[in-house]
Amino acid sequence: MQFALPPRKSSHTPPYAPRSSRFSLQRRRQLKTIALAGFAFVSILFILSRIFSSSSGRATSAVPSGTPNVVLVTALDHELLSDSYIQKIKRNREDYAARHGYATFFANTQDYLYALNNAPRSWTTVPAVRHAMTTYPHSTYFFYLSPHALIMNPRISLTSHVMDNKRLESLMLKDIPVVPPDSVIKTFSHLKGNDVELVLSQDAEDLSSGSFIIKQGDWARFFLDVWFDPLYRSYNFAKAEKHALDHIVQWHPTILTKLALVPQRIFNSYSPGSPASTSNSTYQEGDFVIHFAACDNDITLNCEQEMLPYYNKWHESYGQKAA
């Protein structure tokens, strides 16, 4: 007797099954790839639109028309300086600024005494510059000039005289001791003009904080914050902010990489009576600036008496009426 065997399952899959699953899997992969590519494309367009819209916005509206490229900053101590002396300093700066379309910022040291914590008043240089940057947020360069200095050649443009890249590169003192005469830290030899954010000069003993140029930006704010650190103000340096500047420039590479040193007579010639004056730094006829360095803390010197003959000469040369 024969029994019917149950039908055997075929070992062959119908020909359409694998083709259908292969096609559907391939289709899903294609759709996924297209979706990812589309998302990436849209993301790139969004990012580019944000970049170009923000940059065009800065170019057209962030810098108001008439913004001065340079701001002259001077901190004046109304308790220690006579009104006559202050007016002479202001007149000198304002005349120069008007000739070149620059602005002036006269800080009152009394406004910053609360922040000094009994440190010497000369420290007010730093918050004065920071204050000027806040007041003129779109200006590029800030030229700090000691209250014991005069601009003697107002025909000289600060930008072409110092800050033009090619001019600055021709002036930069490279591979020399940062603090004279024999600091082991030297200025960089590879620095380019467009790398520079801070321009200083040296005298016979130190970096000179009585005349310097700093460029607006994040680096400048960082530098001023470091310089004004409470630790340095309380350290009792012999020359206060000047010795603090010597220290941070030598031991903070982030600062040294943006620093250019230029010959002193470029914008910081010392008067013949200045203790740190040398043959290469003493004022000569035609120099941009004369700085009566240390006249305020040397008992043998008097700032007003030192300045008066130079101030009168400046008036005579440029048609001003002596006050």
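## Strand E3 and its partners

E3 and E6 pair in the antiparallel sense over five bridges, where pairing means that DSSP finds at least two bridges between two strands. Across this pair, Tyr 144 stands opposite Phe 212 in E6. On another side of the story is strand E1 (residues 70-76), which runs parallel to E3 and is joined to E3 by four bridges. Here Leu 72 stands opposite Phe 143 in E3. Strands (E, at least two residues) and helices (H or I, at least four) are DSSP runs, numbered from the N terminus.

Is E3 buried or exposed? Five of the five residues of E3 (residues 141-145) are buried, so the strand is largely enclosed by the rest of the structure. Buried means under 20% relative accessible area, exposed means over 50%, and partly exposed lies in between, using a 1.4 Å probe and protein chains only. Tyr 141, Phe 143 and Leu 145 point one way from E3, while Phe 142 and Tyr 144 point the other way.

## How to read this model

This is a predicted model, in which local features need pLDDT of at least 70 and side-chain atom pairs count only at pLDDT 80 or more, while totals for chains, interfaces and linings use all residues. Residues are numbered from 1 along each chain as its sequence is written, and side-chain values use heavy atoms, with hydrogens and water left out.

## Two pockets

Rolling a probe the size of a water molecule over the atoms shows where empty space is left. On a 1 Å grid over the protein atoms alone, a pocket is an open set of points where a 1.4 Å probe fits, with protein on both sides within 12 Å along at least five of seven lines; lining residues have an atom within 4 Å of a point. A volume is the space filled by probe spheres set on the points, which are joined across faces, edges and corners.

The largest pocket has a volume of about 940 Å³ and is lined by 37 residues. Which of them lie nearest its centre? They are Ser 122, His 148, Ala 294, Asp 296 and Asn 297. Strand E6 (207-215), helix H8 (240-251) and helix H10 (303-317) are the elements that give two or more residues to this lining. By class, the lining has 16 nonpolar, eleven polar and ten charged residues. Ala, Val, Leu, Ile, Met, Phe, Trp, Tyr, Cys and Pro count as nonpolar, Asp, Glu, Lys and Arg as charged, and the others, Gly among them, as polar.

The second largest pocket has a volume of about 180 Å³. Its lining includes Leu 173, Pro 180, Asp 203 and Val 262, and divides into five nonpolar, five polar and one charged.

## One disulfide

A search of the whole structure finds one disulfide, meaning a pair of cysteine sulfur atoms within 2.5 Å. The disulfide joins Cys 295 to Cys 303, with S to S 2.0 Å. Because the torsion about the S-S bond is about 100°, this disulfide is right-handed. Cys 295 is buried at 3% relative accessible area, and Cys 303 also counts as buried, at 10%.

## Backbone details to look for

The peptide bond from Pro 180 to Pro 181 is cis, with omega near 5°. Pro 181 sits in the loop between helix H5 (165-171) and strand E5 (198-202). Asp 175 is in the loop between H5 and E5 too; its phi is near 55°, a positive value in a residue other than glycine. Asp 175 is partly exposed, with a relative accessible area of 45%.

Ala 240, found in helix H8, has a positive phi as well, near 50°. Ala 240 counts as buried, at 8% relative accessibility.
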